[in-house]
Amino acid sequence: SESIKPLQDIVLVDMPGIDSKFEHHNKAILNYIKEGVEFLVLNDIENGGLKESVLDFINEVTDYDMNFSIILSKSDLKSLEDKEKIYNETKRTINGMYSDEKYIGIISSKNNDIEDFVNYLKNVDAKSIAEKRFSPKIKSYLNSTKEKIDFILRNSDLDESEIKVKIDSLNEKMTKLEKKIEQEKESLSRTLSTTTKQAIIDDVERVLINNIDQLVQSAKAGQEIFSKKIGNLVRPTLVTSMNTHISKELSSFVNNINIDLNDNDDISSFEDNNENPVTEFLGLAKNIMEHPAIRALLIGGAVFTTVLAPIIEVIILFLPELLKLLGIFNNDKKYREQIENYVIPNVIDKIAVNIEDAIENIKNKFIEELSDKFTKEKEEYLSLLDEMIEEKKKNAEVHNMRVKEFEGYLSELKAIEI
């Protein structure tokens, strides 16, 4: 359409329909939750309102801290009175679920009445979406740069022998850090494979049991609908539960390393704790969980969705066989008994078998990223110290000029707010 051509900075991606085959919808969800996008739900006005599957979808989207808007399509098929009634009903439903205002529009592609769609695109808060997606990376880079400049300035008055002492101390303490990581890995593995694993399984089981009435109605509606309902309950629960419980243990893991080095190591060779190169270096550890490389392993990250997808796919493949044995009953009580006593326990067993490998995968990738980050930081600090030695050997005046330049850079960086 000519009316949306000026909006070329917005990319629209057509996802599989909410009521499409579950495996297609599942892959799309797991793919886009890591992109920090906004969803526009196109709802057929002939449905008379928002179907349960649509409500499930937007609930899941908001669980991932992502925004959505709704467009009611095919308005040419309804009278003005019916359109207003369905619009108002949709608005009441959404307002009853969410405190913030959600955009709801009505269009008809047949009549080329797409004004509400164009208005939606014009008012998309692209800046906010971009900030949410990119600001953590930018903030991390700025903080890292400020820390390194500050490190140079605080150590600019040291002579060559004092700098060499710092280099030796940094190397020694990094060796201790590597050993500590190896020690803590064993404790982390035990906790993740027992307490954390069980907490995630309990969360999934609780959600399935709490939604037993919906499961009964879905089972009566047929295999495809029942499978989709199971998947739509399990997927967001796994994402949020794994994020919550695994993040907690990974944070404890980092804190244990930080506490061990900062509290127990002998740093008497320096007058001030702030002069300890490892204390400076481990400023990273205080906010390690916000580092983009680490956060990428948690909710919505590429690795996270990679390990999640197989678990859900196993359930999808397994459910048809399970449902063949479920049977067809004449009353809800029989369905409830079979789902509670047979379906849910089997689904939980399938998750339990597969989830330990998934947790181990996330742990290994986390520690790999963490170790790589520490190694890179160590090398950068050592390089800074080596450069300081070389500068002091060459020309003190040049060194002093460089210090002045860095003071200016640091002031500029501190003025940046993100």
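The side chains of E160 and K164 meet in a salt bridge with an N to O distance of 3.2 Å, a salt bridge being a side-chain nitrogen of Lys or Arg within 4 Å of a carboxyl oxygen of Asp or Glu. Because they are four residues apart in helix α6 (residues 160-210), E160 and K164 are separated by about one helical turn. The model is predicted: local features need pLDDT of at least 70 and side-chain atom pairs count only at pLDDT 80 or more, whereas totals for chains, interfaces and linings use all residues. Residues are numbered from 1 along each chain as its sequence is written, and side-chain values use heavy atoms, with hydrogens and water left out.

**Terms for elements and exposure**

- Helices (H or I, at least four residues) and strands (E, at least two) are DSSP runs, numbered from the N terminus.
- Buried means under 20% relative accessible area, exposed means over 50%, and partly exposed lies in between (1.4 Å probe, protein chains only).

**Salt bridges**

- The structure holds 16 salt bridges.
- D332 forms a salt bridge with K220, and their closest N and O atoms are 2.8 Å apart. D332 lies in helix α13 (residues 332-394) and K220 in helix α7 (residues 212-221), so this pair ties together parts that are 112 residues apart in sequence.
- D332 counts as partly exposed at 33% relative accessibility, and K220 is partly exposed at 43%.
- The side chains of K74 and D44 form a salt bridge of 3.3 Å, N to O. This pair links distant parts of the chain, 30 residues apart: K74 is in the loop between β2 (68-73) and α3 (80-97), and D44 is in strand β1 (residues 39-44).
- D44 is buried, with a relative accessible area of 19%, whereas K74 is partly exposed at 41%.
- A network of salt bridges links E52, D56 and K229.

**Strands and crossovers**

- β1 and β2 run parallel and are joined by six bridges; two strands pair if DSSP finds at least two bridges between them.
- The bridge partner of F39 in β2 is F68, and D44 stands opposite S73 in β2.
- From β1 the chain passes through helix α2 (residues 52-63) to β2 in a right-handed β-α-β crossover. Right-handed means that, with the strands pointing away from the viewer, the path from the first strand over the helix to the second runs clockwise.
- β2 also pairs with strand β3 (residues 104-106) in the parallel sense, over three bridges, and I70 stands opposite I104 in β3.
- β2, α3 and β3 make a right-handed β-α-β unit.
- Six of the six residues of β2 are buried. F68, I70 and L72 point one way from the strand, while S69, I71 and S73 point the other way.

**Nonpolar cores**

- The largest nonpolar core has 59 residues, and those with the most contacts inside it are L208, L238, F253, I339 and I351. A nonpolar core is a set of buried Ala, Val, Leu, Ile, Met, Phe, Trp, Tyr and Cys residues joined through side-chain atoms within 4.5 Å.
- The elements giving two or more residues to this core are α5 (126-154), α6, α7, α8 (223-264), α12 (302-326), α13 and α14 (396-414).
- α13 provides the largest share of this core, 22 residues.
- Another core, of 19 residues, lies apart from the largest one and has I58, Y64, I70 and Y98 among its members.
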